[in-house]
Amino acid sequence: MPNIPPISRKQFLKVAGLSFLSAASACTVSQSPSTAPPTGKPKKRALRIAHLTDFHVMPMGDAPNGMRNAIRHAQAQADPPDIFLNTGDCIMDSLETTKEITEKQWETFNKIIKEECELPIVHCIGNHDVWGWGAPTPDKQSDPLYGKGMALKQLDLPERYYSFDRAGWHFIVLDSNFQAEAGSQYPYIGKLDDAQFAWLEKDIQAVDTEMPICIASHIPILCACEFFDGDNEASGDWVVPAAWMHIDARRFRQLFLQHPNIRLCLSGHSHQHETLQYCGVWYFTNGAVCGNWWRGEYLDFPPAYVLVDLYEDGSADSTFIPYG
Ligand SMILES: [Fe+2]
Ligand SMILES: [Fe+2]
């Protein structure tokens, strides 16, 4: 997420000591209008996803219990979800941390998933799950787990990006994290490498044109909420860094125009909740389980998850659920 500072051992311990606040918020439970169906099929639910993103868990403080509470809350819904979707930033940060601190954070994440999660879970890599890009050293760079290797190992993912079919929908999980040039403001930007984009085009082309497609990425492909994440109009023009929203969004736009069965894009990263429709595609940016990195609300959004209902007709709903 854009405004989280790099975390050192000292900061790590300091943040761990902060209290979790669950104050009342201006942005509470809300439900989006149903997205418009593209076909004449009846509106029958195909799948209920509990989209939990941006856990930013670490071994200390309120994070472990907060993560457990979110998972339990989702599983206890009267109308429970069928699967979990985690769009990344599983751990507080590994961009700048040592291997030891990184592995301790992952240990906590995997322990809680193992002990609490009773449903299938789909994982996506977040920028804070990428080890070492923010503070590369020769010993890190020579480690096979440097960069995304650590997240792939910890999440037991064979690939950075992949796709599958479920409940009549085609799901594509992307890797948003592209290494920025040295000296850039952030060590990453939101962008697909060329090989991944070529794979994406090929994957979409192979899907039956009647089958709705849902794309998951950590960094939003398109969103409006990032305009408000900082003093972005200070120069007199709106400025949104490439680390906050996919800088290759125009490339996606052109691709999506060719495939009207692409219905929905789900993301995290912004720690805000938003539903946006553009050129026939819905973009749900779905808050953060950690809210403001376990310090209460972020821009009026409390710690929350989102229930995403997918329907057979290609439509979808989003319900924002603070769980505290
Ligand atoms: Fe995040
Ligand atoms: Fe992020």
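Let's start with a helix pair: α2 passes α3 in a right-handed crossing, where right-handed means the near helix is turned clockwise from the far one by less than a right angle, and left-handed anticlockwise. The model is predicted, so local features need pLDDT of at least 70 and side-chain atom pairs count only at pLDDT 80 or more, while totals for chains, interfaces and linings use all residues. Residues are numbered from 1 along each chain as its sequence is written, and chains are lettered from A and ligands numbered from 1 in the order in which they are written.

Back to those helices. α2 covers residues 63-75 and α3 residues 99-116, and they pack at about 30° with axes 10 Å apart; the axes are lines fitted to C-alpha atoms over the stretch in contact, with angles from 0 to 180 degrees between N-to-C directions. That makes the two roughly parallel (under 35 degrees; over 145 is roughly antiparallel, 65 to 115 roughly perpendicular, the rest oblique). From α2, Pro-64, Met-67, Arg-68, Ile-71 and Arg-72 meet Thr-108, Ile-112 and Glu-116 of α3, a contact being two C-beta atoms, placed from the backbone, within 7 Å. By class, that contact has four nonpolar, one polar and three charged residues.

Stepping out, the chain has seven helices and 14 strands, taken as DSSP runs (helices H or I, at least four residues; strands E, at least two) numbered from the N terminus. Among contacts with a separation of 6 or more, 73% link residues 24 or more positions apart.

Now for the strands. β2 (residues 45-51) runs antiparallel to β13 (residues 304-311), joined by six bridges; strands pair if DSSP finds at least two bridges between them. Here Leu-47 sits opposite Leu-310 of β13. β2 also runs parallel to β3 (residues 83-86), with three bridges, and His-51 stands opposite Leu-85 of β3.

Finally, have a look at the loop between β12 (281-286) and β13, the place of Trp-294. Trp-294 has a positive phi of about 65° although it is not a glycine. It is buried, with 28 other C-beta atoms within 10 Å (20 or more is buried, 12 or fewer exposed, in between partly exposed, with C-beta atoms placed from the backbone). Leu-299 is in the loop between β12 and β13 too, and this non-glycine has a positive phi of about 50°. With 18 C-beta neighbours inside 10 Å, Leu-299 counts as partly exposed. Over the chain's 324 residues, 45% count as buried.

Notes:
Ala, Val, Leu, Ile, Met, Phe, Trp, Tyr, Cys and Pro count as nonpolar, Asp, Glu, Lys and Arg as charged, and the others, Gly among them, as polar.
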